[in-house]
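I opened this structure for a first look and kept notes as I went.

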Amino acid sequence: MNRVVVTGIGLVSPIGSTCEKFWSALVEGRSGIGPITIIPTDRLNIRIAAQVLDFEPTQHFDAKRENMLDRFSQFAVVAARAAVRDAQLEFTEELALQAATIVGNGAGGMNTLDDSYYRLYAQNATRAHPLSIPRLMANAACSLVSMDLGLKGPTFTIASACASGSHAIGQAFQMIRLGQTPVALAGGTEACITVGTIKGWEALRVLSADTCRPFSRTRSGLVLGEGAAMFVLEERERAVARNAPIYAELLGFGMSADAADITAIDPDGAARAMRAALIDARINADDVDYVNAHGTGTALNDKGETVALHKAFGASAGRLAVSSSKAVLGHSLGAAGALEFAATALALHHQTIPPTANYEEADPDCDLDYVPNTARNAPIEKAMSSSFAFGGLNAVLVLGRA
Amino acid sequence: MAIIDDVRSIIAKSLNIPMERLTPESRLDELGAESLDVIEIVFGLEEKFDITIPLKADEATRLASAGKADGDGQNVPFSTVGDVADIVQKLVAAKASQ
């Protein structure tokens with residue numbers, strides 16, 4: 001089997017859209033959560049989110065093209081371009097014919113959907129915009145990345161709610177490993193901070209009204225986010241031969257389904273995905289130094305995920321460093337796994353563990369080392385990034401130092 | 001219709017059981033309500049009476065699992081059909097006095 005490495009990272013995030021800005025905010029625990037300003041809030045009970053505020057579409061797209069892209073596609077295309085630049089990768093005609101494009105998103109063009117329905121139902125418009133459907137379809141981001149970069153190999157969208165980004169990266173990893181493609185653009189994107197989406201999340205009663213405090217006894221729920229992270233994944237020998245920068249090596253991918261509750265985490269299902277990822281990577285539990293947790297900041301997830309870590313790692317759980325990036329990034333749903341994969345790859349690259357920000361008090365139900373509030377310089381050889389989705393779909397990736 | 005009967009009707013519909021089975025003493029967990037059922041019931045009551053019932057998802061989960069072996073019935077805002085009716089009654093009265 002081929003070895004697979006990460007040679008390019010492209011980001012659009014609430015804490016900045018370069019690797020440098022993203023990493024410094026993560027390490028310093030500077031949160032991207034703030035008052036919602038990108039949509040009207042008069043009908044919202046929850047008025048905070050982690051928004052991408054420094055994104056100006058006209059800097060990236062001409063007017064004609066911009067018209068075709070919902071915000072979630074804009075994020076994906078801009079992140080994909082940045083990943084290719086970062087990887088110093090030139091697509092020859094031959095490579096473009098082989099390259100895979102796999103994008104994870106939980107929803108689709110929700111801004112387009114919201115705007116379109118508002119016009120129809122609230123303003124009694126008689127017709128929808130002709131690009132409504134191509135803008136909002138779930139595969140729009142993936143298709144537009146492939147069109148923008150001219151990539152013509154296997155190209156599709158993976159939708160598994162909050163695990164979409166991780167499933168997409170895992171799928172690309174497996175294809176390169178099996179020799180189905182030498183290079184893949186893979187990651188996740190989401191932009192669903194809309195009135196309709198937030199009202200839906202409010203009704204589930206899992207949103208925090210103040211901020212996200214993963215694993216802290218005082219946690220009060222999750223905070224929605226948005227953004228995209230795209231990666232150039234590459235067959236290792238090829239990357240080494242062209243002297244590409246290598247952030248980390250992808251070692252294993254584990255998946256499972258809970259087949260239980262539609263929203264609540266099932267520690268058994270989550271632990272099975274972690275174990276599967278360790279087995280796939282052919283490593284032992286005590287080889288893992290750091291886990292970038294799903295850590296949503298809800299009472300149930302963080303307790304259930306802690307139980308799952310104990311189940312999967314046994315006695316080794318006590319020596320793990322575990323942190324959640326969601327206090328800083330918010331929960332960007334389908335993009336979350338990808339943004340957190342970036343955090344994990346950069347942790348290996350910089351040999352630094354980003355902290356769990358906003359951590360206030362220990363919770364007896366959450367008894368692991370969550371690296372509270374302060375980053376830690378520590379040797380990291382192997383790391384894990386976990387995503388557990390609504391619908392009970394779990395995806396776990398294991399990475400190694402380059 | 002008295003508030004208790006509206007409450008029984010909404011709970012019965014959500015749990016797909018005959019309304020006659022519901023007494024004020026019936027416990028939601030024993031009726032088989034799961035976390036999302038509780039959230040749906042509360043939504044139904046909020047819509048019916050135009051009130052806001054404070055409830056977090058984890059409270060709904062504790063409430064639904066209170067009777068199970070690994071359940072935790074601590075700090076739940078209500079347990080029985082009668083408790084729910086009491087809360088609705090208070091919120092409706094508070095709204096009327098505004």
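My notes below take the chains, then the contacts, then the helix packing.

**Entry 1: what kind of model**

I noted first that this is a predicted model. I kept that in mind for every value below.

**Entry 2: chain A overall**

I looked up the secondary structure of chain A. It comes to 14 helices and 14 strands. I then checked the extent of the C-alpha trace of chain A, which spans about 65 × 50 × 40 Å along its principal axes. Next I asked how the radius of gyration of chain A compares with that of a compact globule. Chain A has 402 residues, and a compact globule with that number would have a radius of gyration near 21 Å. The value for chain A is 20 Å, which agrees.

**Entry 3: the two domains of chain A**

I looked up the domain assignment of chain A. It gives domain 1 as 4-241 and domain 2 as 252-401. The C-alpha centres of these two domains of chain A are 21 Å apart. I then went to the contact between them. Domain 1 of chain A gives 60 residues, and domain 2 of chain A gives 55 residues.

Which elements of domain 1 of chain A give two or more residues to the side that touches domain 2 of chain A? I found strand 1 (4-12), helix 1 (19-28), strand 3 (48-50), helix 8 (164-177), strand 6 (183-190) and strand 7 (227-235) of chain A. Helix 8 of chain A supplies the largest share of that side, eight residues. I also sorted the residues on the domain 1 side of chain A by class: 30 are nonpolar, 24 polar and six charged.

**Entry 4: a helix pair in chain A**

I picked helix 11 (residues 267-281) and helix 12 (residues 299-313) of chain A. They pack at an angle of about 45°, and their axes are 8 Å apart. Helix 11 and helix 12 of chain A are therefore oblique to each other. Helix 11 of chain A passes helix 12 of chain A in a right-handed crossing.

I listed the residues that make this contact. From helix 11 of chain A come P267(A), A270(A), A271(A), M274(A) and R275(A). From helix 12 of chain A come G304(A), E305(A), V307(A), A308(A), K311(A) and A312(A). By class, the contact of helix 11 with helix 12 of chain A has seven nonpolar residues, one polar and three charged.

**Entry 5: chain B overall**

I turned to chain B. It has four helices and zero strands. From the N terminus on, the elements of chain B run α-α-α-α. The radius of gyration of chain B is 13 Å, close to the 13 Å that the globule rule gives for 98 residues, so chain B is as compact as a globular protein of that length. The C-alpha atoms of chain B fill a box of roughly 45 × 30 × 20 Å along the principal axes.

**Entry 6: where chain B meets chain A**

I checked the contact between the chains. Chain B gives 10 residues and chain A gives 10 residues. On the side of chain B that touches chain A, helix 2 (35-49) and helix 3 (57-64) of chain B give two or more residues. That side of chain B has six nonpolar, two polar and two charged residues.

**Entry 7: helix 2 with helix 3 in chain B**

Helix 2 and helix 3 of chain B pack at about 120°, with axes 8 Å apart. Helix 2 of chain B passes helix 3 of chain B in a right-handed crossing. S35(B), V38(B) and I39(B) of helix 2 of chain B make the contact with A57(B), A60(B), T61(B), L63(B) and A64(B) of helix 3 of chain B. I counted the classes here as six nonpolar, two polar and no charged.

**Entry 8: helix 1 with helix 2 in chain B**

My last stop was helix 1 (residues 3-15) of chain B. Its axis and that of helix 2 of chain B come within 10 Å and cross at roughly 140°. That makes helix 1 of chain B oblique to helix 2 of chain B. Helix 1 of chain B passes helix 2 of chain B in a right-handed crossing. In helix 1 of chain B, the contact residues include V7(B), I10(B) and I11(B). In helix 2 of chain B, they include I41(B), G44(B) and L45(B).

Notes:
Residues are numbered from 1 along each chain as its sequence is written. Chains are lettered from A and ligands numbered from 1 in the order in which they are written. This is a predicted model: local features need pLDDT of at least 70, side-chain atom pairs count only at pLDDT 80 or more; totals for chains, interfaces and linings use all residues. Domain bounds come from an automatic or database domain assignment. Two residues are in contact if their C-beta atoms, placed from the backbone, lie within 7 Å. Ala, Val, Leu, Ile, Met, Phe, Trp, Tyr, Cys and Pro count as nonpolar, Asp, Glu, Lys and Arg as charged, and the others, Gly among them, as polar. Axes are lines fitted to C-alpha atoms, for helices over the stretch in contact, and angles run from 0 to 180 degrees between N-to-C directions. Angles under 35 degrees count as roughly parallel, over 145 as roughly antiparallel, 65 to 115 as roughly perpendicular and the rest as oblique. A crossing is left-handed if the near helix is turned anticlockwise from the far one by less than a right angle, and right-handed if clockwise. The radius of gyration is taken over C-alpha atoms; the globule rule is 2.2 Å times the number of residues to the power 0.38.
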